[in-house]
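I opened this model to note its overall build and then to look up one side chain in its surroundings.

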Amino acid sequence: MSLIKSCNCCFSYDGIPVVENVTFELNAGDYLAIVGENGAGKSTLMKGLLHLKKPYAGEILYNGTLKVNEIGYLPQQTLVQKDFPASVYEVVLSGCLNQIGCHFFYSSVLKKKAEENMKLLEIENLKSKCYRDLSGGQQQRVLLARAMCAAKKALLLDEPVTGLDPIVSAELYKTIRELHERHHMTIIMISHDIQGAVQEADKILHLDHEQKFFGTAESYRQSCLGRAFLKGGIA
């Protein structure tokens, strides 16, 4: 069943087109990697998928069972965010903010959800640690647990392994794969790690200011575009 659909979407900044003619459809449980060189429009499309930026043409449609505030989002980290002086528990629990509604405090149900996601991401032993004192890999796990608190059916990940060493990247990919396979989570991931993205994802969307490819990871490997990028390690 279709969960998210992009219908000939085009985005611009100050009237200048950034990415155009993006058309794809994702079913519940799909794992999509969005690849392309820097400035190709990947992050702009991600903002469109989150309804943070409106297309000047075309539209993005959600299945009636999916709402924007039910999508978990792991953004790229800034230096300021990496130095955030809060406990791991506080950071993870903040992922439940969109579910508080008119209340001023987190309910016991939301607190339990945060605890469960910390356990799922194997960071419950870091609960009382200060976020800024963690390693890069640990911080990404904390942010993934935070995103899981907001997610019901879909996770959007913006460069989740950037800045991580190969071993930590492999561990994070494994965690994302388990969320996808065991918990039936729909994953949309922007990645500069084209080798890892094609290995992990079921579907590939390649952008270069417009849609250059959309299809299965295997079809991408066999395409001229995919072979060129995979051979050069470009993303």
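My entries go from the whole chain to a single residue.

Before starting I noted that this is a predicted model, in which local features need pLDDT of at least 70 and side-chain atom pairs count only at pLDDT 80 or more, while totals for chains, interfaces and linings use all residues. I also noted that residues are numbered from 1 along each chain as its sequence is written, and that side-chain values use heavy atoms, with hydrogens and water left out.

**Overall build.** I found 9 helices and 9 strands in the protein, taken as DSSP runs (H or I of at least four residues for helices, E of at least two for strands) and numbered from the N terminus. The C-alpha atoms fill a box of roughly 50 × 40 × 35 Å along the principal axes. I looked up the radius of gyration, which is 18 Å and agrees with the value near 18 Å for a compact globule of 235 residues; this radius is taken over C-alpha atoms, and the rule is 2.2 Å times the number of residues to the power 0.38.

Of the 235 residues, 49% count as buried, meaning under 20% relative accessible area with a 1.4 Å probe and protein chains only. Among contacts (heavy atoms within 4.5 Å) between residues at least 6 apart in sequence, 68% join residues at least 24 apart.

**Asn117.** I then turned to Asn117, which lies in helix H4, residues 108–120. Asn117 is buried, because its relative accessible area is 8%. Leaving aside residues up to four places away in sequence, I listed Ala145, Met148 and Cys149 as the residues that Asn117 touches.

Technical notes
Buried < 20%, exposed > 50% of the residue type's maximum accessible area, 1.4 Å probe, protein only.
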